[in-house]
Amino acid sequence: MATAAPRRARPWVGCCSGVAAVALTASLLAASPVAAAPSADGAGDLGNAVQRSRSRVARTSDEVGRIEARLSGSAARSARLGADVGRAVEQYNGARVRLIQARQERSAALREAELARLRVGRARIELGRFAADAYRTGGDLGGWSVILVAGGPRDLISGTAALASIGDKRQRALDDVRAAQAYANSLERRATQMLDRQRAAAARVSRSRAQAQGRLVAHQQAVVAISAQRTRLIRSLASARNTTVRLERRRQVALDQERAAAAQRAARAQARAIEAANRAAAARSAREARAAQDALTTRLAETARAAEETRAAEAAARQQADAQKQADAQKPPDAAPGAARSEPPTPAPAPAPTAPSTGGAAPGGSSAGTASGADAAIAFARAQVGKPYRWGADGPESFDCSGLTMRAWQQGSVALPHYSVAQYQRAQKVPVSELQRGDLVFFGSNPDDYRSIYHVGLYIGGGQMIEAPYTGENVRVSSIWRTSLLGAARP
């Protein structure tokens, strides 16, 4: 009997034991003289064996498909959880920025309130000085001393005027005290409000910190569970494909790389589509602006023309009235006066045209950086590659995403807040197709809402950025092409 040659496992072709059994059966039948003329019962057995093999192949294919789908789903779930952590961390950073602002506002309010209290003190001192002077000069007689000591009408008039002047000064001194006290009270109320706002901001920081910490713990637990699940699925896949776990791991790495490449292609296509839509919207806005400007120019011309016609009509009416007056003056005295002529009513002036209003727009921002500043920012960020990510950190040993970009551009002499949304608000927006070295690239969950931004990286050219990705990873160089790419801005 012929012996089948040993079969080597092929890493990229899924081979099942059922197919091998069918091939082995066929080779045995070809080599056996008895099997050359099978009986009717033998033919039935062979057909049943082939059918069973086909069923096993179908079941194995279904199982492989289910396992691969679960592996792909586990990777997507891990990415979603990572995005959730990023959002929570950036919300915490935003709460910290608002807390710092509230503290600064309260400090300013306290300084203003203290200055107001000093003004109240000075006003009271001035009022006290005036009261003391009035007492020393007999002001307690209520003005009767002016009448009693007056040597005559001239002295009486002079003394009364002086008394009135003193009364005015006393009233001004009282008014100054009251005004200063009212102003100080209002500033103290504002300082109290600032304190309440600071406490609310501190509470938001605590809540957002707890939320971020909870999301991080959940993400870490999920990563462990997903990793264990992938290991089990890869083993099941190796068994179903009749290959080794090592080969299946290599295959999954290749599939992950292919999925990442596909995601990058999708992100590029999405960025092109967004920019095309933005260009179309800008062109439409430009056309509408030109149309509005043309309409405004037309209205201004019509208004000027109407005003000129009004002036001409008024001049003609005045000339006619003057002529009528001259004609009436030349008539004999006994002649009946000419019929009264009513002047034509003055037309109401046309309403002044108003400029067309514009709708709400995304924050414009501004750029204060330079090319040398961008080089300094990139050099700093490169020096941090390999340092661990830690949320809320801004160096020197660890960073989160907005902490890294903030410190990087600090080297380029541009101050940015430690909050990705605020960085996007402050910087000048640029199309992704016009990215330059040193620009910031932002990622969010909603491409139509910049407030959904949860990650930022520093662009270094060639579609690459330096980023502090997420907990468990280090600062690294990676591609900007992700489907969550929301936009770019230039500090």
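**Reading the contacts around phenylalanine 442**

Reader: Which residues does phenylalanine 442 touch, not counting residues up to four places away in sequence?

Author: In this predicted model, phenylalanine 442 touches Ser420, Gln423 and Tyr424, then Ile453, His455 and Val456, and finally the run Ser484, Leu485, Leu486, Gly487, Ala488 and Ala489, with residues up to four places away in sequence left out of the count.

Reader: How many aromatic pairs does a search of the whole structure find, and how is a pair of aromatic rings described?

Author: A pair of rings is described by two quantities, the distance between the centres and the angle between the planes. The search over the whole structure finds four aromatic pairs. In one of these, the ring centres of tyrosine 424 and phenylalanine 442 are 5.1 Å apart and the planes stand at 80°, so this pair is edge-to-face; the label follows because an angle over 60 degrees counts as edge-to-face. Tyrosine 424 belongs to helix H8 (residues 420-426) and phenylalanine 442 to strand E2 (residues 440-444), so the pair ties together parts that are 18 residues apart in sequence. Both tyrosine 424 and phenylalanine 442 are buried.

Reader: Is the pair of tyrosine 424 and tyrosine 450 stacked or edge-to-face?

Author: The rings of tyrosine 424 and tyrosine 450 have centres 6.0 Å apart and planes at 25°, so this pair is stacked. It also links distant parts of the chain, since tyrosine 424 is in helix H8 while tyrosine 450 is in the loop between E2 and E3, 26 residues apart. Taken together, ring pairs link Tyr424, Phe442 and Tyr450 into a cluster. As for accessibility, tyrosine 424 is buried with a relative accessible area of 10%, whereas tyrosine 450, at 22%, counts as partly exposed; that last label follows because buried requires a value under 20%.

Reader: Which rings have an arginine over them, and at what distance from the ring centre?

Author: There are two cases to look at here. Arginine 87 lies over the face of tyrosine 454, at 5.4 Å from the ring centre, and the charged end of arginine 482 sits over the ring of phenylalanine 443, 5.2 Å from its centre.

Reader: Where is serine 420, and is it buried or exposed?

Author: Serine 420 has its place in helix H8 and, at 0% relative accessibility, counts as buried. With residues up to four places away in sequence again left out, serine 420 touches Glu90, Ser402, Phe442, Ile453, Tyr454, His455 and Val456.

Reader: How many residues are in the largest nonpolar core, and which have the most contacts inside it?

Author: The largest nonpolar core has 41 residues, and those with the most contacts inside it are Trp391, Trp409, Leu440, Phe442 and Leu458. At least two residues of this core come from each of helix H2 (40-136), helix H4 (153-241), H6, H7, H8, E2, E3 and strand E6 (485-490), with H2 providing the largest share, seven residues. Apart from this core lies another, of 13 residues, including Leu435, Val441, Ile480 and Ala488.

Reader: Which residues of H6 are buried, and which are exposed on the other side?

Author: Helix H6 (residues 371-383) has 13 residues and reaches 19 Å from its first C-alpha to its last, close to the 18 Å expected at 1.5 Å a residue. Its buried residues are Gly373, Ala374, Ala377, Ile378, Phe380 and Ala381. They cover an arc of only 160° around the axis, which puts them on the same side of H6, whereas Ala371, Ser372 and Ala383, on the other side, are exposed. The buried residues of H6 pack against helix H7 (401-411), strand E3 (453-461) and strand E4 (464-467).

Reader: Which residues does a cis peptide bond join, and which residue has a positive phi although it is not a glycine?

Author: A cis peptide bond, with omega about 0°, joins glycine 395 and proline 396, and proline 396 lies in the loop between H6 and H7. Serine 413 has a positive phi of about 65° without being a glycine; serine 413 is found in the loop between H7 and H8 and is exposed, with a relative accessible area of 71%.

Reader: How many helices and strands does the chain have, and what percentage of its residues are buried?

Author: The chain comes to eight helices and six strands, and from the N terminus on its elements run α-α-α-α-α-α-α-α-β-β-β-β-β-β. Of the 491 residues in the chain, 28% are buried. Among contacts between residues at least 6 apart in sequence, 68% join residues at least 24 apart.

Notes
Residues are numbered from 1 along each chain as its sequence is written. This is a predicted model: local features need pLDDT of at least 70, side-chain atom pairs count only at pLDDT 80 or more; totals for chains, interfaces and linings use all residues. Side-chain values use heavy atoms; hydrogens and water are left out. Helices (H or I, at least four residues) and strands (E, at least two) are DSSP runs, numbered from the N terminus. The expected span of a helix is 1.5 Å times one less than its number of residues. Buried means under 20% relative accessible area, exposed over 50%, partly exposed in between (1.4 Å probe, protein chains only). The arc is that of the directions from the helix axis to the C-beta atoms. Contact means heavy atoms within 4.5 Å. Rings of Phe, Tyr and Trp (its six-membered ring) pair if their centres lie within 6.5 Å; planes under 30 degrees apart count as stacked, over 60 as edge-to-face and the rest as tilted. A charge sits over a ring if NZ of Lys or CZ of Arg is within 6 Å of the ring centre and within 35 degrees of the ring normal. A nonpolar core is a set of buried Ala, Val, Leu, Ile, Met, Phe, Trp, Tyr and Cys residues joined through side-chain atoms within 4.5 Å.
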